[in-house]
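Please read the points below beside the sequence and the 3D view.

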Amino acid sequence: MHILITGAAGFIGSALAHRLLARGDIVTGVDNLNDYYSVDLKKARLARLEGQPGFNFRYVDIADRKAVADLFGAAHYDAVMNLAAQAGVRHSLKDPHAYVDANIVGFVNL
């Protein structure tokens, strides 16, 4: 199966990608690598995945409608695991648009 994982640089997304690759699936991981928490940590997770056969990473912000359309236009996915999200409730009071863009607009685009 070819599986698209959004939020692939996150803790859960990267763990899922490892698991799916181990069972022989092809995984395309996407992430916008936002700086809500350490980008270096996210890059380190991706570095562990990028050397594995069957893994492909695309830098995509799922709130970008054209980028998501291009993503689906470039390949067929048997399943989509949407794990991309803007987390942290307290921060949502400071930047509510980031939450709407990532969590609602991004979901609709997918």
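1. Buried means under 20% relative accessible area, exposed over 50%, and partly exposed in between, with a 1.4 Å probe and protein chains only. By these cut-offs Phe72 is partly exposed at 30%, whereas Tyr77 is buried at 9%.

2. The model is predicted: local features need pLDDT of at least 70, side-chain atom pairs count only at pLDDT 80 or more, and totals for chains, interfaces and linings use all residues. Residues are numbered from 1 along each chain as its sequence is written, and side-chain values use heavy atoms, with hydrogens and water left out.

3. Rings of Phe, Tyr and Trp (its six-membered ring) pair if their centres lie within 6.5 Å; planes under 30 degrees apart count as stacked, over 60 as edge-to-face and the rest as tilted. The count under this rule is one aromatic pair. Phe72 and Tyr77 form it, edge-to-face, with 5.5 Å centre to centre and 85° between the planes.

4. Lys42 lies over the face of Tyr37, 4.5 Å from the ring centre. The criterion is NZ of Lys or CZ of Arg within 6 Å of the ring centre and within 35 degrees of the ring normal.

5. Leu33 is not a glycine, yet has a positive phi of about 50°. Leu33 sits in the loop between β2 (26-31) and α2 (39-50); helices (H or I, at least four residues) and strands (E, at least two) are DSSP runs, numbered from the N terminus. With 16% relative accessibility, Leu33 is buried.

6. Val100 belongs to helix α5 (residues 96-109) and is partly exposed, at 38% relative accessible area. Its C-alpha atom is separated by 20 Å from that of Ile5, 95 residues apart along the chain.
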